[in-house]
Amino acid sequence: PWTLRRAAGMTWPPPRLVEPVYVVEVETPEHALEGTLLVLSQHRSTILSEKTKPGTCVTIVTAYLPVQEASGFAVALQSHANGHALLLGTAFHHWQLFPGDPFDSTSKSGQIVLNIRKRRGLKMEMPKWEDFVVCANGL
């Protein structure tokens, strides 16, 4: 459950991480479509469309793929589709909210924040929201 914070008469949503998302197009024959869709689902993708080329048994699948999940995607795609799937292209499309609370160390979002803090040599405990908000009347 999100809680809203008030500062200087304004309501702010809680902090969240965002991640970049690619739009990808994969060309796959009908017999390899199941493996292609399996790989896309394993990489947190969202299927946008499946279009069959007229007069062929080739399907073009368009999907959103988080950039973080793109590492190893092409290799997994080839292995699950027996080498028949072809990654036509990837391009940045948009930013989306990363699931989880970055202040909860048990969530995936929180683990990413802790790993970044460790890599940069920062204290492992997260600073409190109040450490950054300065109220004009001292409250």
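Trainee: Where is Arg-16 in this predicted model?
Mentor: Arg-16 lies in the loop between β2 (10-12) and β3 (18-29).

Trainee: Why is Arg-16 called partly exposed?
Mentor: Its relative accessibility is 23%. Buried means under 20% and exposed means over 50%. The value for Arg-16 falls in between, so the residue counts as partly exposed.

Trainee: What makes the pair Arg-16 and Asp-101 a polar contact?
Mentor: The side chains of Arg-16 and Asp-101 are joined at 3.1 Å. The cut-off is a pair of N or O atoms within 3.5 Å, so the distance meets that limit.

Trainee: Why does Glu-19 count as buried?
Mentor: Glu-19 has a relative accessible area of 5%. Buried means under 20%, so Glu-19 qualifies. Glu-19 belongs to strand β3, and its side chain makes a polar contact of 2.9 Å with the side chain of Arg-44.

Trainee: Which residues form the nonpolar patch on the surface?
Mentor: The patch is formed by Val-18, Phe-92, Trp-95 and Leu-97, which together have about 450 Å² of accessible area. Strand β6 (residues 86-97) gives the largest share, three residues.

Trainee: What makes Phe-92 partly exposed?
Mentor: Phe-92, in strand β6, has a relative accessibility of 46%. Exposed means over 50% and buried under 20%, so Phe-92 is partly exposed.

Trainee: Why is Ser-45 called buried?
Mentor: Ser-45 is at 15% relative accessibility and the limit is under 20%, so Ser-45 counts as buried. Ser-45 sits in the loop between α1 (33-42) and β4 (46-52). Its side chain reaches the backbone oxygen of Leu-40 at 2.5 Å.

Trainee: How do you know that the buried residues of α3 line one face?
Mentor: The buried residues are Ser-109, Gly-110, Val-113, Leu-114 and Arg-117. Seen down the axis of α3, they fall within an arc of 135°, so they line one face of the helix. The face turned away from this buried side carries the exposed residues Lys-118 and Arg-119.

Trainee: How many helices and strands does the protein chain have?
Mentor: The chain has three helices and six strands, in the pattern β-β-β-α-β-β-α-β-α along the sequence.

Trainee: What share of the protein chain counts as buried?
Mentor: Of the 139 residues, 29% count as buried.

Conventions:
Residues numbered from 1 in each chain as written. Predicted model: local features only at pLDDT ≥ 70, side-chain atom pairs only at ≥ 80, totals over all residues. Heavy atoms only, no water. Patch = residues over 30% accessible without salt bridge, like charges linked within 9 Å, V, L, I, M, F, W, Y side chains within 5 Å. Areas by Shrake-Rupley, 256 points an atom, 1.4 Å probe, with all protein chains shown as cover. Salt bridge = Lys/Arg side-chain N within 4 Å of Asp/Glu carboxyl O. Helix = DSSP H or I, 4+ residues; strand = E, 2+ residues; numbered from the N terminus. Buried < 20%, exposed > 50% of the residue type's maximum accessible area, 1.4 Å probe, protein only. Polar contact = N/O pair within 3.5 Å; in protein donor to acceptor, adjacent residues only side chain to side chain. Arc of directions from axis to C-beta.
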